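Take a look at the fold below. Then read on for a short tour of its rings, helices and core.

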Amino acid sequence: MSELTPAAGYSGLAEAKAPATKGQIIAWASWDWGSAAFNAVMTTFIFTALYLTGDAFGGSDHASAVLAFALSVSGVAIALFAPVTGQRSDRSGRRRLWLGVNTLMVAALTASCFFVQPHESYLLFGCLAIAAGHVFAELASVNYNAMLLQISTRATIGRISGIGWSAGYLGGIVALLIVYYGLIAPKVGIFGITDDDGMTYRVVALFSAAWIIIFSIPVLLAVPESKADPAQTRVGLVRSYLDLFATIARLWRTQRHTLYFLMSSAIFRDGLAAIFTFGAVIAVGSFGFAKGDVLIFAIAGNVVAAVGAISAGFLDDRLGPKTVIVISLVGLLGSGTVLLFLQGKTVFWIFGLLLSLFVGPAQSSARTFIGRLAPAGQEGELFGLYATTGRAVSFLAPMLFGLFIVWFGSQRWGIAGILIVLLAGLLLLLPVKAPEHHIPAPAPT
């Protein structure tokens, strides 16, 4: 297999190891492919949108609000535990182990949704299972994102990050197609499964759990375990938080723009996550999408998002990640505002796809921003801090989404809560000094 050669002048975790092979990069991206079963199938387009927030659970407005508040609670849990998860796995040299453990927990919680029967009394159980799945998915992503520095260099981090995001979107397409044609579309699905007692959607949960496990295996086999830092001893939980605060204080004194980016990205990425969490819920509850419409839109949206993510991997080498993120956030705000005030399926198709197009680049370039910003010798620490604190305010968008529904009595107004979070993240990002970015050498003439 061919190898990716380290770029000159780039030091840190990636250069402390042998260059990554294409096989390792594909294995790393396969985790994103597998996680799409939770992100796309369970929490965006199928289980929550077509089942958990449906009439059987008390109506879309009520069920959507309960789901939003449950996700807010999960956001608080993420804020409490994620900041030290990466720090502790780095010190112990067990990054791959904890990626596997947390991914297995996501799969188990996903499978537990099989027991959510179509009755309002099961709404809270279903919402809590999805919310807890979000917690463990974020803890897993702490270690997964940190692995990016093991398989990339400053010259390739944007492209490899884009490959990971696009793999997630494309994996979502394949999983959605299997679910739609195997279970949702036919009156009698595979193995004679019907929609009696919600069985169609409950089996979707079992399929998703298996998908997550199967495609998490390659990264656990192909990417080497990280080595413990001999200069850092293992410490207790309280000391881990004290060390975290000390790192933040040092950033405030010496690298304030890095801290500004960590703050802004924590907010706007929460808005990005909310778009996928509640997008299909809004399509069904506010724009009259049927289940077939949602599946078709999901496939189209994931294709568009994958194209955006791949493009971002090359664009942020030329324009810089900050430019890509700012353009994406402005596009998201414009498209979301139209959806807030206009009605009709055609409107959602046009501007919903625009949302998908802008989400991909924003997500991919946000991950590469901190890698390019980090000075030599601090790449791992700063990228780990980015990964662990990225969802520190992940309760914000779900909470505002739910509150706006309650205040205005309409699910559509939940969009305004998401837009406020995106706008706040954009405003905090604007003063941040853009990092240096790799500019490809001109082609020979």
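This is a predicted model. Begin with the aromatic rings. The structure contains 22 aromatic pairs. One of them joins Tyr-180 and Tyr-181. Tyr-181 is exposed, at 59%.

Some rings gather in a group. Phe-287, Phe-289, Phe-297, Phe-348 and Trp-349 make up one aromatic cluster. Look at Phe-289 in this cluster. Phe-289 sits in the loop between α9 and α10 (291–318). It is buried, because its relative accessible area of 5% falls under the 20% limit. Which residues does Phe-289 contact, leaving aside neighbours within four places in sequence? They are Ala-283, Val-284, Val-294, Phe-297, Lys-345, Phe-348 and Trp-349. Lys-345 is 56 residues away from Phe-289 in sequence, yet their C-alpha atoms are 7.1 Å apart in space.

Rings also meet charged side chains. Arg-202 lies over the face of Phe-114, 4.9 Å from the ring centre. Arg-256 does likewise over Trp-252, at 3.9 Å from the ring centre.

## The whole chain

Now step back. The chain has 15 helices and zero strands. Of its 445 residues, 56% count as buried. How far along the sequence do contacts reach? Among contacts between residues at least 6 apart in sequence, 84% join residues at least 24 apart.

## The nonpolar cores

In soluble globular proteins, nonpolar side chains tend to be buried together. The largest nonpolar core here has 101 residues. Which residues have the most contacts inside this core? They are Phe-45, Ile-46, Phe-47, Phe-278 and Leu-332. Helix α9 (residues 256–287) gives the core its largest share, 15 residues.

Leu-332 shows how such a residue is surrounded. Not counting residues up to four places away in sequence, Leu-332 touches Leu-272, Ile-275, Leu-355, Phe-358, Val-359, Leu-419 and Leu-422. Another core lies apart from the largest one. This second group has 17 residues, including Ala-140, Met-147, Leu-148 and Leu-149.

## A helix that is enclosed

Helix α5 covers residues 123–147. It has 25 residues and spans 36 Å from its first C-alpha to its last. That is close to the 36 Å expected at 1.5 Å a residue. Why is α5 called largely enclosed by the rest of the structure? The reason is that 20 of its 25 residues are buried.

Asn-143 belongs to this helix. Is Asn-143 buried or exposed? Asn-143 is buried, with a relative accessible area of 0%. Leu-99 is 44 residues away from Asn-143 in sequence, and the two C-alpha atoms are 5.7 Å apart.

Gln-24 is in helix α1 (residues 22–45). Gln-24 is buried, with a relative accessible area of 18%. Its side chain reaches the backbone oxygen of Ala-222 at 3.3 Å.

Phe-207 is in helix α7 (residues 199–222). At 22% relative accessibility, Phe-207 is partly exposed. It contacts Ala-175, Ile-178 and Val-179, leaving aside neighbours within four places in sequence. Ala-111 is 96 residues away from Phe-207 along the chain, and their C-alpha atoms are separated by 8.1 Å.

Asp-197 is in the loop between α6 (157–184) and α7. Asp-197 is not a glycine, although its phi is positive, at about 60°. Its relative accessible area is 42%, so Asp-197 counts as partly exposed.

| Pair | Apart in sequence | C-alpha to C-alpha |
|---|---|---|
| Phe-207 and Ala-111 | 96 residues | 8.1 Å |
| Phe-289 and Lys-345 | 56 residues | 7.1 Å |
| Asn-143 and Leu-99 | 44 residues | 5.7 Å |

How values were computed
Residues are numbered from 1 along each chain as its sequence is written. This is a predicted model: local features need pLDDT of at least 70, side-chain atom pairs count only at pLDDT 80 or more; totals for chains, interfaces and linings use all residues. Side-chain values use heavy atoms; hydrogens and water are left out. A nonpolar core is a set of buried Ala, Val, Leu, Ile, Met, Phe, Trp, Tyr and Cys residues joined through side-chain atoms within 4.5 Å. Buried means under 20% relative accessible area, exposed over 50%, partly exposed in between (1.4 Å probe, protein chains only). Helices (H or I, at least four residues) and strands (E, at least two) are DSSP runs, numbered from the N terminus. Contact means heavy atoms within 4.5 Å. Rings of Phe, Tyr and Trp (its six-membered ring) pair if their centres lie within 6.5 Å; planes under 30 degrees apart count as stacked, over 60 as edge-to-face and the rest as tilted. A charge sits over a ring if NZ of Lys or CZ of Arg is within 6 Å of the ring centre and within 35 degrees of the ring normal. The expected span of a helix is 1.5 Å times one less than its number of residues. A polar contact is a pair of N or O atoms within 3.5 Å; within protein, one must be able to donate a hydrogen and the other to accept it, and residues adjacent in sequence count only if both atoms are side-chain atoms.
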